[in-house]
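The entries follow in the order I made them.

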Amino acid sequence: MQRLINQLKTYYSFSIFVLYIFFVGVPFGWYYSLSEKNLSKNQDIYHRHASHFFRRFIRRYLCCATHEVRNPHHETFNKPAMVIANHQSLLDLPLTLMLYPKMVVMTGQWVWESKIYGKVVKFCDYFPSSMPMDEMLAHLQDVMSRGYSVLIFPEGTRSEDCQIHTFRRGAFHLAEQLRCDIIPLTLWGTGRVLPKTDFCLNEGKMIVDIGKRITFDDGVMGEGHGALTRYWHKYFIKRFAELEEENQK
């Protein structure tokens, strides 16, 4: 009986999400993208609207779950950075994009090529993981010069067991080339609230833990993208274990 109730709550929550995407997000994205003269201004407006919706969705329409955003270092995201996060659930994206509107995301190729919302994804300056490195660097330099941060999930896919898995080096190769700040977001609980293997919301708590921004020249991350990958992988394993221990008490 409880599972049936949770499934009904899931359909309710994601019906609102899908209705927004297809009747507001996509049409307005197409509309805003038509004006090349005011393109930059329209992108800013669209990102603000989307961030506002994600925040509203998480706070009001996501049944079963509660969430907590921890920001002990008072991060504002006003200065562009590479934002990296572990990945467990479909909820990770709205949870992260609600934090700050000026944020672009690395997407999968199928999203980029979608006939329905591919144009909107491109309008938002999102970029596919398959983009050639030279083009990707030029693209990110451009969006960061306009005040946008870059969100990447280094695991590349959602974790089925809610643990931290191997980080791919691509994100850290980009960070090395861009010499940009890095901000870690440790996500806890999202994989239990909405698992990768079961599209059904469960009762639970989700935490977004915003870590300390580290500048590239601080020297604490080591030299080269291999060292960066190992440094941040260890960081996420340690921080996630701390959150796990804290919430098992």
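Predicted model: local features only at pLDDT ≥ 70, side-chain atom pairs only at ≥ 80, totals over all residues.

**Conventions.** I take helices (H or I, at least four residues) and strands (E, at least two) as DSSP runs, numbered from the N terminus. Residues are numbered from 1 along each chain as its sequence is written, and side-chain values use heavy atoms, with hydrogens and water left out.

**Largest pocket.** I worked on a 1 Å grid over the protein atoms alone: a pocket is an open set of points with protein on both sides within 12 Å along at least five of seven lines, a cavity is a set where a 1.4 Å probe fits but cannot get out, and lining residues have an atom within 4 Å of a point. Grid points are joined across faces, edges and corners, and a volume is the space filled by probe spheres set on the points. The largest pocket holds about 1,500 Å³ of space. I found 47 residues in its lining, and those closest to the centre are L93, T107, G108, W110 and V111. The elements giving two or more residues to this lining are α1, α2, α3, β3, α4 (109-112), α5, α6 (133-145) and α7 (170-178). Which element gives the most to the lining of the largest pocket? It is α1, with eight residues.

For residue classes I count Ala, Val, Leu, Ile, Met, Phe, Trp, Tyr, Cys and Pro as nonpolar, Asp, Glu, Lys and Arg as charged, and the others, Gly among them, as polar. The pocket lining then has 33 nonpolar, 10 polar and four charged residues.

**Largest cavity.** I get one cavity of 30 Å³ or more. The largest cavity has a volume of about 40 Å³. Its lining consists of H47, A50, S51, F54, L97, Y100, P101, M103 and Y126. By class I read seven nonpolar, two polar and no charged residues there. Helix α2 gives the most to this lining, with four residues.

**Helix α2.** I checked the length next.

I call a residue buried under 20% relative accessible area, exposed over 50% and partly exposed in between (1.4 Å probe, protein chains only). The buried residues of α2 are N42, Q43, I45, Y46, H47, A50, S51, F53, F54, F57 and I58. Contact here means heavy atoms within 4.5 Å. The cover over these buried residues includes α1 (2-33), β1 (65-70), α3 (92-97), β3 (103-107) and α5 (118-123).

I looked at N42 separately. N42 counts as buried because its relative accessibility is 10%. Leaving out residues up to four places away in sequence, N42 touches Y32, S35 and F123.

**Nonpolar core.** A nonpolar core is a set of buried Ala, Val, Leu, Ile, Met, Phe, Trp, Tyr and Cys residues joined through side-chain atoms within 4.5 Å. The largest one has 76 residues, and F77, L91 and W232 have the most contacts inside it. Helix α2 gives the most to this core, with seven residues. I listed the contacts of L91 beyond four places in sequence: F14, F57, L62, T190, V193, L194, L201 and M206.

**H87.** This residue is in the loop between β2 (82-85) and α3. Is H87 buried or exposed? H87 is buried, because its relative accessible area is 14%. H87 and S159 are 72 residues apart in sequence, with their C-alpha atoms 6.2 Å apart. Not counting residues up to four places away, H87 touches D92, F153, E155, T157, R158 and S159.

**Y231.** I placed Y231 in helix α9 (residues 224-247). Y231 is partly exposed because its relative accessible area is 27%. Beyond four places in sequence, Y231 is in contact with I214, V220 and M221. The C-alpha atoms of Y231 and M221 are separated by 5.8 Å.

**Backbone.** Most residues other than glycine have a negative phi. I noted C64, not a glycine, with a positive phi of about 80°. C64 is in the loop between α2 and β1. R179 also has a positive phi, near 50°, and is in the loop between α7 and β6 (182-188).
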